[in-house]
Amino acid sequence: MGPSFSTKTIRVPVALFDRYQEITALTDRVCRECLTDEYVMLCRSMTAAICRLASTPIKSGKATTWAGGIVFAIARINFTFDDPYGPQVTKNQLCERLGANPRTAGEKASAIMKLLKAVDGEPRWWCPSQMSNNPRVWYIRIDGVFADIRNLPADLQEKALKMKLVPYIPPPRTGYRNTKVESEMIGHSLRSVAKLIMRNLKH
């Protein structure tokens, strides 16, 4: 079984709680109208993460600009706008609901991702229900060659789990289709995954 969101309260500094609520009221609404409850939680989590930064910039600027940037960042990380099987929503539709400018929201999303050191396909900002389809989670290095753990025998999957190279044993890929989204993600991910795997193997 894949992971689910923790029921623990999201941690937000007391001094920024009102700001957090102001921004998440906007992200909650647009995610419920256009996306899914998972996006609601991911946007809340990302907003809280920004609030917890030592020198957070979230104190200033319009709430709509921050909300647009956060929703765009989560959507970009999850390849939402390119996924034919995911929520069918465009960038302009999201911005229209938020009252934000698409270009401004896109620029804010890039700044947020840089601020949080987030990349495309980042597992911590990925929809949990889709984790089994995230190449960044499942590509590991074996004898110098990258392999998709989802395609390996059960005993190798168990070994990868014991080494903490994967979060859980992935479910069988019945009727799996190699989508454009995954192909694009693999290209973005392999270099970062190589560094991650090498760090894990050294520990």
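## The loop between α3 and α4

Phenylalanine 79 lies in the loop between α3 and α4 (91-98); helices here are DSSP runs of H or I with at least four residues, strands are runs of E with at least two, and both are numbered from the N terminus. Bear in mind that this is a predicted model, in which local features need pLDDT of at least 70, side-chain atom pairs count only at pLDDT 80 or more, and totals for chains, interfaces and linings use all residues. Residues are numbered from 1 along each chain as its sequence is written, and side-chain values use heavy atoms, with hydrogens and water left out.

What is the phi of phenylalanine 79? It is positive, about 55 degrees, although the residue is not a glycine. Most residues other than glycine have a negative phi. Phenylalanine 79 counts as buried, at 4% relative accessibility (buried is under 20% relative accessible area, exposed over 50%, partly exposed in between, with a 1.4 Å probe and protein chains only).

## Another positive phi

Lysine 117 also isn't a glycine, and its phi is positive too, near 55 degrees. Look for lysine 117 in the loop between α5 and α6 (135-138). Is lysine 117 buried or exposed? Exposed, with a relative accessible area of 70%.

## α3 against α5

Helix α3 (residues 63-77) packs against helix α5 (residues 102-115) at about 70 degrees, and their axes are 7 Å apart. For the record, axes are lines fitted to C-alpha atoms, for helices over the stretch in contact, and angles run from 0 to 180 degrees between N-to-C directions. α3 and α5 are therefore roughly perpendicular to each other (under 35 degrees is roughly parallel, over 145 roughly antiparallel, 65 to 115 roughly perpendicular, and the rest oblique).

Contact means heavy atoms within 4.5 Å.

## α1 against α3

α1 and α3 pack at about 55 degrees, with axes 9 Å apart. That makes α1 oblique to α3. This crossing is right-handed. Among the α1 residues that meet α3 are Arg19, Glu22, Ile23 and Leu26; the α3 residues they face include Trp66, Ala67 and Ile70.

## One aromatic pair

The structure holds 1 aromatic pair. The rings of phenylalanine 17 and tyrosine 20 have centres 6.1 Å apart and planes at 25 degrees, so the pair is stacked. Rings of Phe, Tyr and Trp (its six-membered ring) pair if their centres lie within 6.5 Å, and planes under 30 degrees apart are stacked, over 60 edge-to-face, the rest tilted.

Both residues lie in helix α1 (residues 17-34), 3 residues apart, about one turn of the helix. Phenylalanine 17 is partly exposed at 37% relative accessible area, whereas tyrosine 20 is buried at 9%.

## The whole chain

The chain has 8 helices and 2 strands, in the order α-α-α-α-α-α-β-β-α-α from the N terminus. Of its 203 residues, 44% count as buried.

Key. A crossing is left-handed if the near helix is turned anticlockwise from the far one by less than a right angle, and right-handed if clockwise.
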